[in-house]
Amino acid sequence: MQEYYSRHPRFYHAVDCIIFGFSGGELSLLLLKRKFDPGKGEWSLMGGFVQEGESMDNAAKRVLSELTGLTNVYMEQVGSFGEVDRDPGERVISTAYYALININNYDRQLVEEHNAYWVKIDEVPTLLFDHQQMVDQARQMMKTQAATKPIGFNLLPELFTLTQLQSLYEAINGEPMDKRNFRKRVAEMDYIEKTKLIDKTSSKRGASLYKFNQEDYKKSLKFKL
């Protein structure tokens with residue numbers, strides 16, 4: 001059996017993390033200014049190699065934690081990228097994951113040490129290797145999933161206004177939404193819970209604050225089944 005495996009070439013396997021944040025009505029990406037070759041000085045996603053005895057999912061979680069200090073973050077596998085010449089250093093096959101984090105909740109010191117910066121999604125510079133392809137596929141996947149699952153709440157603070165929620169979904173979909181229709185849909189979602197708190201940062205009158213109720217969402221799924 002060992003002879004069977006030894007007859008075949010071995011490759012490096014990496015993971016790359018596409019980390020999305022949301023602020024000021026816009027999506028942003030957390031990107032690195034690389035400190036090493038290949039591609040020193042260029043922009044890239046945060047990545048790393050899968051280690052001995054480590055699954056791809058765990059490798060992605062580790063890489064994300066090393067950059068942001070966060071654990072238990074929403075992550076989804078986007079796909080694998082394996083063009084022969086995608087990495088000029090060695091033959092590397094990479095599996096990409098996208099992650100959604102609260103842009104105000106991460107370890108800023110770690111991010112600074114990795115030479116990482118938030119960049120608005122519409123201002124992303126030229127990226128290393130095939131990282132732009134990864135980002136494009138992740139955005140499309142996120143858009144599709146956000147239409148049927150409440151994944152967007154991972155990008156919001158615990159308490160949010162309906163205006164913030166609408167801005168988020170407009171950013172994810174890349175197009176404006178009718179305010180009346182949007183609020184009608186929200187009113188039908190029992191798991192979006194109105195609180196007694198008011199946000200007065202944008203006006204004297206203020207706006208009601210809402211929160212996502214995970215337990216009510218789980219109950220709604222059971223009811224549908």
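**Ground rules.** I am working with a predicted model, where local features need pLDDT of at least 70 and side-chain atom pairs count only at pLDDT 80 or more, while totals for chains, interfaces and linings use all residues. Residues are numbered from 1 along each chain as its sequence is written, and side-chain values use heavy atoms, with hydrogens and water left out.

**Entry 1: the salt-bridge search.** I looked through the whole structure and found six salt bridges. The term stands for a side-chain nitrogen of Lys or Arg within 4 Å of a carboxyl oxygen of Asp or Glu. As a reminder to myself, side chains of opposite charge can pair when their charged atoms come close.

**Entry 2: around Arg 62.** For Arg 62 and Glu 54, I noted 2.7 Å between the closest N and O atoms. The bridge from Arg 62 to Glu 66 came out at 3.2 Å, N to O. Glu 66 and Arg 62 are separated by about one helical turn, because they sit four residues apart in helix 2 (residues 56-68); helices here are DSSP runs of H or I with at least four residues, strands are runs of E with at least two, and both are numbered from the N terminus.

I then checked accessibility, using a 1.4 Å probe and protein chains only: buried is under 20% relative accessible area, exposed is over 50%, and partly exposed is in between. Glu 54 counts as buried at 18%. Arg 62 is partly exposed at 25%, and Glu 66 is partly exposed at 36%.

**Entry 3: Glu 193 and Lys 211.** I found these two side chains meeting in a salt bridge at 3.9 Å, N to O. The pair links distant parts of the chain, with Glu 193 in strand 8 (residues 192-199) and Lys 211 in strand 9 (residues 207-212), 18 residues apart. Glu 193 is partly exposed at 28% relative accessible area, and Lys 211 is partly exposed at 29%.

**Entry 4: Ser 28.** Is Ser 28 buried or exposed? I have it down as buried, at 7% relative accessibility. Ser 28 lies in strand 2 (residues 26-33). Leaving aside neighbours within four places in sequence, I listed its contacts (heavy atoms within 4.5 Å), among them Ile 19, Phe 20, Ile 103 and Trp 118.
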